[in-house]
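The following exercises concern a predicted model. Each task is followed by a solution in steps.

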Amino acid sequence: MLQKGRFITFEGGEGCGKSTQLRLLAEWLQKQHIANLSTKEPGGTPIGQELRQLLVCGDKDKFDAVAEALLYYADRRIHMTSKVWPALTEGKWVLSDRFADSTVAYQYYGYNKKVPFRTLTDLYQIAVGDFKPDLTIIFDLAPEVGLSRSFKKAEGMTIKETRHESRDLEFHHNLRQGFLEIAKQEPDRCVVLNADKTIDELHADVVNIVRERFKLF
Ligand code: TMP
């Protein structure tokens, strides 16, 4: 793939505010006349929407961790081939609400390393190859704060997408540590932001990072 655009991923635990921040960055990029596309995982494509229903709704124990990782990777492969790579080739900046770090944080760290790490790196290689995000922003927030926001949001939904939210607090603490560990392992790609701020303050942090990383002044 001849990549002309940039690929930025937004990561973090439940209720960390990443989706709002993605929307605000997309608006900001638009103002800078940078063509961009907002998308998400799971569910960034029509087939992905069907996979999303399976993955985020219903009983929390309906899959084992390996089956779950395979389904997230099926969604990811479809997402990359039909949406992300074509947009990057056209020169668009692609903003994705979650990507492969979520699989490592949720299915590996969250589940207390029940899936061998090697399984996840193999799946990445099969589905995504050597391609990586140009920038990953990790929104770090205490799970207690994020979960209460997330459950409040779900109150208004007819279909409750709370399969992972309903896991115990230890799971959410593990996945928070998991995201921090990922950032430690790949400091060139990942930036951790303290998400315990107002929407505007956090947006200013996001813009600063993007300006600096991509030399937009
Ligand atoms: P969202 O609520 O941010 O839209 O994400 C959907 C849920 O799917 C969320 O609980 C995190 C979870 N998830 C994983 O467990 N593994 C993954 O690889 C991805 C992309 C999401």
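**Exercise 1. The largest cavity**

Determine how the residues of the lining of the largest cavity divide by class, and which elements supply them.

*Solution.* 

Step 1. The lining of the largest cavity divides into 9 nonpolar, 3 polar and 3 charged residues.

Step 2. The structure holds 1 cavity of 30 Å³ or more, and the volume of the largest cavity is about 130 Å³. Of the 15 residues that line this cavity, Gly13, Glu14, Leu141, Leu175 and Arg176 are the closest to its centre.

Step 3. At least two residues of the lining come from each of β4 (135–140), α6 and α7. The largest share, 5 residues, is that of α7.

**Exercise 2. The crossing of α6 and α7**

Describe how the axes of helix α6 and helix α7 cross, and identify the residues that make the contact.

*Solution.* 

Step 1. Two packed helices are described by the angle between their axes and by the distance between those axes.

Step 2. Helix α6 covers residues 143–155 and helix α7 covers residues 169–185; their axes come within 10 Å and cross at roughly 115 degrees.

Step 3. Angles of 65 to 115 degrees count as roughly perpendicular. Therefore α6 and α7 are roughly perpendicular to each other.

Step 4. The crossing in which α6 passes α7 is right-handed. On the α6 side the contact is made by Pro143, Glu144 and Leu147, and on the α7 side by Leu169, His172, His173 and Arg176.

Step 5. By class, the residues of this contact are 3 nonpolar, 2 polar and 2 charged.

**Exercise 3. The largest pocket**

State the volume of the largest pocket and give the classes of the residues in its lining.

*Solution.* 

Step 1. The volume of the largest pocket is about 820 Å³. It is lined by 37 residues, and those closest to its centre are Glu14, Gly15, Lys18, Ser19 and Lys153.

Step 2. Two or more residues of this lining are given by each of α1 (18–31), α2 (46–56), α3 (65–89), α4 (100–110), α6 and α8 (199–214).

Step 3. The lining of the largest pocket comprises 11 nonpolar, 13 polar and 13 charged residues.

**Exercise 4. The second largest pocket**

Which element gives the largest share of the lining of the second largest pocket?

*Solution.* 

Step 1. The second largest pocket holds about 380 Å³ of space. Its lining consists of 19 residues, of which Asp101, Val104, Phe117, Thr121 and Glu186 lie nearest the centre.

Step 2. The elements that each supply at least two residues of the lining are α4, α5 (117–128) and α7.

Step 3. The largest share, 5 residues, comes from α5.

Step 4. By class, this lining has 10 nonpolar, 4 polar and 5 charged residues.

Note on methods
Residues are numbered from 1 along each chain as its sequence is written. This is a predicted model: local features need pLDDT of at least 70, side-chain atom pairs count only at pLDDT 80 or more; totals for chains, interfaces and linings use all residues. Side-chain values use heavy atoms; hydrogens and water are left out. Axes are lines fitted to C-alpha atoms, for helices over the stretch in contact, and angles run from 0 to 180 degrees between N-to-C directions. Helices (H or I, at least four residues) and strands (E, at least two) are DSSP runs, numbered from the N terminus. Angles under 35 degrees count as roughly parallel, over 145 as roughly antiparallel, 65 to 115 as roughly perpendicular and the rest as oblique. A crossing is left-handed if the near helix is turned anticlockwise from the far one by less than a right angle, and right-handed if clockwise. Contact means heavy atoms within 4.5 Å. Ala, Val, Leu, Ile, Met, Phe, Trp, Tyr, Cys and Pro count as nonpolar, Asp, Glu, Lys and Arg as charged, and the others, Gly among them, as polar. On a 1 Å grid over the protein atoms alone, a cavity is a set of points where a 1.4 Å probe fits but cannot get out, and a pocket is an open set with protein on both sides within 12 Å along at least five of seven lines; lining residues have an atom within 4 Å of a point. Grid points are joined across faces, edges and corners, and a volume is the space filled by probe spheres set on the points.
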